[in-house]
Amino acid sequence: MQGTPVVVGIESSCDETGVGLVRDGRLLGHAVASSMEEHARFGGVVPEIAARAHVHVFTPVVHRALTEAGLRMSDIGAVAVTTGPGLSGALQVGLAGAKGLAYALDVPLYGVHHLAGHVAADTLAHGPLPDPCVVLIVSGGHTSLLLVRDLARDPIAHLGDTLDDAAGECFDKVSRVFGLPYPGGPAIDRAARDGDARAVTFPRPLTGPRDDPYAFSFSGLKTAAARWAERHRGQTLPVADGAAALQEAIADVLTRKAVAACAAHGVGTLVVVGGVAANSRVRSLAEERCAAAGITLRVPPLKLCTDNGAMIAAIGDLLVRAGAEPAPLDVSIDPSAPLEYAALNPVVRPLTGTAGTTLARFPTTPEQTGKVSLA
């Protein structure tokens with residue numbers, strides 16, 4: 001193909017194996033295989049099960065995505081892959097597969113930060129991100145408020161992050177206490193439809209006048225919900241009311257802080273992404289508050305909120321069009337990588353310890369990481 005290359009994106013940071021194909025900001029096709037059912041009986045993701053599942057489905061998912069897009073393997077012009085954060089074994093499987101594709105096709109490889117992928121997912125539905133915009137990332141492991149300019153070129157500014165549990169983690173843990181299935185977010189959302197959010201008063205963490213205006217904390221809310229359930233021991237737990245009240249508390253805190261951040265920074269667009277962006281109350285309350293404040297709200301369609309390869313391909317496509325340098329051949333993974341840039345190209349450097357042992361060290365400077373530099 002001539003012109004901008006087709007970018008294939010590989011996502012394997014947790015329990016979904018996602019493959020997407022993007023060209024010039026347009027989603028051509030994608031496919032996802034989830035091992036969630038295998039983890040459900042354990043009440044959470046088991047890393048070894050996730051890694052093995054990625055191995056089994058990697059090739060079939062690649063072919064499914066190509067078939068949906070009406071493309072052949074030879075049409076691929078670049079490969080993007082999640083290199084962090086995430087489960088170590090799961091990331092390694094995805095990276096190994098991506099390296100194999102890039103080598104076999106003789107095309108460049110781009111390492112991508114998983115959370116930047118969530119941000120880029122919105123571009124596939126609504127076009128380029130305004131510069132600047134405020135982004136609220138809410139997922140099972142992350143809750144952050146970001147100030148984003150040029151996603152492919154500029155550093156990503158953190159306005160606030162969670163100090164403990166993420167919003168999605170709170171949903172999962174409280175769901176178990178309420179006797180609801182895993183994953184907790186969808187289960188709470190379903191149960192809340194028949195509940196009264198005003199029936200239970202749950203706290204709104206870090207919303208006092210002296211609190212950090214953009215930081216989050218959901219550990220205390222999780223505990224409050226657990227204590228409320230304990231008080232009903234020996235009785236029928238009004239799960240629907242508890243679910244509705246919990247969902248309302250989380251949506252209230254998330255949207256209140258996000259809208260306040262837009263106002264404080266003079267930003268006219270709020271983008272809400274991540275798995276919890278699929279929650280019905282988070283979406284509806286964000287719409288209400290943004291409309292009242294004159295802020296444009298952008299939320300990806302449900303299929304692009306949860307982990308998927310399309311979002312990784314979207315970042316890869318942005319990096320290619322920005323002229324970013326591909327990842328080095330020895331690019332590795334960083335399971336706990338902070339979100340600083342969209343590109344994430346960690347390289348493990350061996351260090352010899354005093355006893356002759358080899359230690360792994362991840363790079364810390366932009367020069368070492370190969371982060372985007374377009375100067």
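This is a predicted model: local features need pLDDT of at least 70, side-chain atom pairs count only at pLDDT 80 or more; totals for chains, interfaces and linings use all residues.
1. Aromatic pairs. Searching the whole structure gives three aromatic pairs. Phe178 and Trp228 make up an edge-to-face pair, with 5.6 Å centre to centre and 65° between the planes. This pair joins distant parts of the chain, 50 residues apart. Phe178 lies in the loop between helix H6 (167-177) and helix H7 (184-192), while Trp228 belongs to helix H8 (residues 219-230).

2. Burial of that pair. Phe178 has 5% relative accessibility, so it counts as buried. Trp228 is buried too, with a relative accessible area of 7%.

3. A stacked pair. Phe216 and Phe218 have ring centres 6.2 Å apart and planes at 15°. That angle is under 30 degrees, so the pair counts as stacked. Both Phe216 and Phe218 are buried.

4. A charge over a ring. Look at Phe216 again. The charged end of Lys257 sits over the ring of Phe216, 5.8 Å from the ring centre.

5. A cluster. Phe178 and Trp228 also belong to one aromatic cluster with Phe202.

6. Cysteines. How many disulfides are there? The count is zero. Take Cys14: the closest cysteine sulfur is in Cys305, 16 Å away, which is too far for a bond. A disulfide needs the two sulfur atoms within 2.5 Å. Cys133 is in no disulfide either; its nearest cysteine sulfur, that of Cys262, is 8.7 Å away.

7. Cys14 counts as partly exposed, at 22% relative accessibility. Cys133 counts as buried, at 0%.

Conventions. Residues are numbered from 1 along each chain as its sequence is written. Side-chain values use heavy atoms; hydrogens and water are left out. Rings of Phe, Tyr and Trp (its six-membered ring) pair if their centres lie within 6.5 Å; planes under 30 degrees apart count as stacked, over 60 as edge-to-face and the rest as tilted. Helices (H or I, at least four residues) and strands (E, at least two) are DSSP runs, numbered from the N terminus. Buried means under 20% relative accessible area, exposed over 50%, partly exposed in between (1.4 Å probe, protein chains only). A charge sits over a ring if NZ of Lys or CZ of Arg is within 6 Å of the ring centre and within 35 degrees of the ring normal.
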